[in-house]
Structure formats: C-alpha cells, structure tokens
Amino acid sequence: MNRTSSRAPFPWAVPMAGALTLSLFGTALADETRIRFQLDWRFEGPSAPFLMAVERGYFAEEGLDVQVDSGSGSAGAINRVASGAYEMGFGDLNALVEFLAENPDAPGIQGVYVVYDGTPASVFARKDRGIESPSDLAGKALAAPTFDTGYRAWGIFAAANDLDAGSVEWQNVDPALRETLLVRGDVDAITGFYFTSLLNLEGRGMGEEALTILPFPDYGVPLYGNAIVASQAFSEENPEAVEGFLRAFNRALAETLADPDGAIDYVHNRDGLIDVELETRRLKLAIDSVIDTEDARANGAGAVDEERLANAIQLVADAYDLPSIPEPEQVFTSRFLPPRDERMIFPGQGD
C-alpha cells in the first residue's frame with residue numbers, strides 16, 4: 001500500500017487551513033465583549049432566561065461572551081459589580097438604593113432592566129394562630145434573617161396597613177431555620193420571598209391551606225424587586241454591549257414566559273442536581289407573582305414608572321434609615337432598554 005496516498009496533495013494545505021481557522025476564531029473571540037454576570041442566588045427556576053440566553057447563543061449573537069455565575073444574595077451581587085469583579089449582575093433594587101446611599105464615593109452602579117416588577121417579600125403566618133390579615137399580626141412573634149427584604153421593609157408594610165411596626169416581636173434567625181420554626185410553631189409568622197418560602201414550607205409538610213400569605217405588593221408596598229444591574233463605568237465604555245445584553249435577555253425572557261416548562265431545561269443543563277418539578281413550579285410562581293404584573297404589561301418588561309420609583313426610593317430611605325437619598329437616575333436608567341414594542345412580551349400581547 002502506498003503510505004502517501006492518503007495525504008493531502010498539497011502538504012501545506014491542512015496546516016494553512018488550520019492556521020486560518022484558528023486566526024479567524026481568535027479574531028472572533030477578540031471582537032466579543034466579555035461580561036461576567038453575577039446572579040443573586042443559586043441556579044434555580046428564575047435563572048432560566050439568563051441560562052437560556054447563554055446556551056441558545058443569544059448573547060453570542062450580540063457579540064458578547066457572557067459568563068453567568070451563581071450568587072449568595074442580592075447584596076453580594078451588587079457589591080461584586082461595584083467592586084469591578086463583575087460587569088453586570090442581578091440584585092434587589094432596594095439593596096441597590098441602600099448601597100448607593102451608604103457608599104456615595106463608590107463606583108457607580110445602576111439598574112438597567114427590572115425583572116421582578118414587585119418585591120417577592122411576603123408574610124407567611126399560621127392560620128391556627130388566628131392570623132387572617134395584617135392587623136392580626138400585632139402581638140405576634142415573627143422570624144427572618146436581618147438581611148431579608150421583608151424584615152428590612154417591615155416598617156413600610158406596617159405603615160401601609162395601619163399596623164404599629166413595633167407591635168410584633170422579631171427573631172433574627174438563620175435562613176435555613178426560618179421555615180422550620182414556623183412549621184414547629186416556635187413563631188407565629190415569618191417573612192421571605194414568596195416563591196422560596198412557600199416551596200420550603202410545603203417541603204416541610206405545611207401547605208397553603210394552613211397558611212395566611214400576605215404578599216407585600218398586594219398589601220400596599222410599591223417596592224420593585226430584582227433588576228439587572230450594571231457597572232456605570234462598564235456601561236459608559238461599552239453601551240452597545242449593555243444594549244446587546246438586554247436585547248438577548250429580553251428575547252430569552254419572552255420565550256421563558258411562553259414556555260416555562262421548556263425553559264427549565266436550561267437550568268437543569270447547568271445544574272443536573274436540581275429538582276426539575278420543584279424549580280418549574282418556582283419559576284411559574286415567580287412569573288405569576290412578580291414578573292407578569294399589571295404594571296409590567298402596561299410599561300413593557302424591564303421598565304419602571306418614574307413616580308413609583310421615586311416613591312419607592314423614599315420609602316426605602318425612611319425604612320432603612322439611610323444617611324442620604326439617591327436620585328432616581330442614580331438607581332435606574334432606561335437608556336439601554338430595547339424599544340417598548342419589543343418589550344411587550346407577555347402572553348397575549350402582540351397577538
């Protein structure tokens with residue numbers, strides 16, 4: 001057998017082609033803008049649109065190389081973006097207000113796309129303790145970690161419902177113990193994110209029939225929840241990258257809203273240990289409670305109502321006893337959002 005018969009007729013052809021491919025690939029990578037993105041928490045149902053945009057190549061189509069990392073809390077996500085460790089992240093807009101007020105000389109950071117149009121903070125109370133409404137909480141024992149949004153914003157909830165904020169007894173507890181204390185009856189109520197504490201309570205054998213649930217948005221608290229945030233320095237240097245990120249995310253969010261069951265696959269692909277059924281329910285609870293809201297449908301996904309934002313900032317400043325009050329434009333900018341018609345993405349819109 002002729003050992004040279006299988007070789008390319010021009011020995012330089014393969015190496016040159018390989019070199020050309022590597023050169024083009026390297027150029028493509030060099031042209032992409034890298035964005036390190038910090039989530040607020042673990043890879044759970046609500047992280048689906050972020051992970052979908054990565055896996056389906058929506059970020060790549062915008063010329064972006066996006067790395068999505070899990071987080072350990074909203075405050076942590078905001079601090080890491082402000083420090084420069086991440087260019088963008090996902091955190092509670094109220095925690096951002098607090099950060100800006102307490103760190104006036106720190107690098108700027110702004111919300112650029114509101115995902116949770118309302119805060120997920122909720123009160124979960126035992127019905128067998130005679131709690132049916134906010135007024136019934138007077139004289140009761142509540143538990144939450146001190147960093148919990150419901151705990152921090154308790155004064156806002158109490159004022160909105162003519163309840164003396166000091167009429168309840170608070171216990172500062174570890175997040176892992178919060179729901180257990182309620183199930184055991186050691187406390188009368190807890191605060192927590194609606195789509196987190198509800199599932200945790202059900203997992204411990206306490207269903208909705210045994211609970212009175214008081215979501216903050218349903219009881220007069222106009223706070224926004226989690227938003228995509230960006231380093232102001234990065235946004236100013238790379239405005240097209242931030243715009244591209246939001247276009248890609250908006251596209252993935254639209255597809256997540258249309259098919260939550262399919263969207264959860266992207267969370268499972270990232271973390272094969274998740275409980276798919278549980279995380280699908282968590283995603284749907286998040287959509288129904290704080291994403292697909294009346295205001296979001298009216299203004300388009302991602303946007304804020306300026307009057308409501310200013311009011312929310314003032315409420316947070318008062319409740320958290322902040323040393324200063326950030327201006328609304330410090331907290332959120334709409335300059336990078338896709339056009340409104342592209343953000344009318346909720347089921348039934350644009351049909």
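This is a predicted model: local features need pLDDT of at least 70, side-chain atom pairs count only at pLDDT 80 or more; totals for chains, interfaces and linings use all residues.
User: Where does Ser 231 lie, and is it buried or exposed?

Analyst: Ser 231 lies in strand β10, residues 226-231. It is buried, at a relative accessible area of 12%, because the cut-off for buried is under 20%.

User: Good. What's the average pLDDT of the chain?

Analyst: The protein chain averages 92, and 91% of the residues score at least 70. Over residues 1-29, though, the pLDDT is below 50, and that stretch has one contact in the model beyond near neighbours in sequence.

User: Moving on to the largest nonpolar core: which residues touch the most other members?

Analyst: Those are Phe 37, Tyr 113, Leu 137, Ile 228 and Phe 245, out of 109 residues in that core. Helix α11, residues 239-258, gives the largest share, with nine residues.

User: What does Phe 37 touch?

Analyst: Quite a list! Not counting residues up to four places away in sequence, its contacts include Phe 50, Val 66, Tyr 86, Met 88, Ile 228 and Phe 245.

User: And Thr 256, where is that one?

Analyst: Thr 256 is in helix α11 and is buried, with a relative accessible area of 1%. Setting aside neighbours within four places in sequence, Thr 256 is in contact with Ala 48, Pro 49, Met 52, Ala 263, Leu 283 and Ile 287.

User: Now the rings. How many aromatic pairs are there?

Analyst: The count comes to 15. One of them is Tyr 113 with Phe 249, an edge-to-face pair at 5.2 Å centre to centre and 85 degrees between the planes. Tyr 113 is in strand β4 and Phe 249 in helix α11, so this pair ties together parts 136 residues apart in sequence. Tyr 113 is buried at 0% relative accessible area, and Phe 249 is buried at 0% too.

User: Why is the pair of Phe 157 and Tyr 219 tilted?

Analyst: Because their planes are at 50 degrees, with the ring centres 6.4 Å apart. Phe 157 sits in helix α7 and Tyr 219 in the loop between β9 and β10. Phe 157 is buried, at 0%, while Tyr 219 is partly exposed, at 27%.

User: Last one: which charges lie over rings?

Analyst: Arg 251 lies over the face of Tyr 58, 3.7 Å from the ring centre. The charged end of Arg 308 sits over the ring of Tyr 224, 3.7 Å from its centre.

Technical notes. Residues are numbered from 1 along each chain as its sequence is written. Side-chain values use heavy atoms; hydrogens and water are left out. pLDDT is the predictor's confidence in each residue, from 0 to 100. Contact means heavy atoms within 4.5 Å. Helices (H or I, at least four residues) and strands (E, at least two) are DSSP runs, numbered from the N terminus. Buried means under 20% relative accessible area, exposed over 50%, partly exposed in between (1.4 Å probe, protein chains only). A nonpolar core is a set of buried Ala, Val, Leu, Ile, Met, Phe, Trp, Tyr and Cys residues joined through side-chain atoms within 4.5 Å. Rings of Phe, Tyr and Trp (its six-membered ring) pair if their centres lie within 6.5 Å; planes under 30 degrees apart count as stacked, over 60 as edge-to-face and the rest as tilted. A charge sits over a ring if NZ of Lys or CZ of Arg is within 6 Å of the ring centre and within 35 degrees of the ring normal.
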